[in-house]
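Visitor: I am new to this structure. Please take a close look at one part of it, the salt bridges, and walk me through them.

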Amino acid sequence: MQRSPTLERLTIRYQITAAPSRIDGTGVYALESIPARRKIGEMTGEVVSHRTARQRAKLHERIAIVEFEDGWALDATDDKLLRFINHSCDANCFIRRNG
């Protein structure tokens, strides 16, 4: 993965909202039916090494970091909405990396 300071947000394709969660903190909720295997939107953040991501995680009570198998991670701490997605005990979406 080529290192990039930030990833640009593309449009959110479905109506979703962030709201308080009974599980913990904030979660994302669909305001309309979303068909299976459809792209909801793009999570934004800074691409960093696993090491840097883990160092940052130690500084926060709640984190929004996605680690990839190739040694890179997406620190989505500043993402305004999608960082709260899949905040569920029965998660039903997944992250697909582009690039």
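Guide: The side chains of K39 and E42 meet in a salt bridge, with 3.2 Å from N to O. This is a predicted model, and the distances here are computed from it. The contact between the side chains of E42 and K39, at 3.2 Å, is also a polar contact. E42 sits in the loop between β2 (26-30) and β3 (46-49). K39 is partly exposed, with a relative accessible area of 30%.

Next comes the pair R62 and D24. These residues form a salt bridge in which the closest N and O atoms are 2.6 Å apart. R62 belongs to the loop between α1 (50-57) and β4 (65-67), and D24 to the loop between β1 (16-20) and β2, so the bridge ties together parts that are 38 residues apart in sequence. R62 is partly exposed at 47% relative accessibility, and D24 is partly exposed with a relative accessible area of 37%.

D70 and R97 form another salt bridge, their closest N and O atoms being 2.8 Å apart. D70 lies in the loop between β4 and β5 (72-75) and R97 in the segment after β5, so this pair ties together parts 27 residues apart in sequence. D70 is partly exposed at 37%, and R97 is partly exposed at 28%.

Finally, a network of salt bridges links E46, R56 and D75. The count of salt bridges comes to six.

Conventions. Residues numbered from 1 in each chain as written. Predicted model: local features only at pLDDT ≥ 70, side-chain atom pairs only at ≥ 80, totals over all residues. Heavy atoms only, no water. Helix = DSSP H or I, 4+ residues; strand = E, 2+ residues; numbered from the N terminus. Polar contact = N/O pair within 3.5 Å; in protein donor to acceptor, adjacent residues only side chain to side chain. Salt bridge = Lys/Arg side-chain N within 4 Å of Asp/Glu carboxyl O. Buried < 20%, exposed > 50% of the residue type's maximum accessible area, 1.4 Å probe, protein only.
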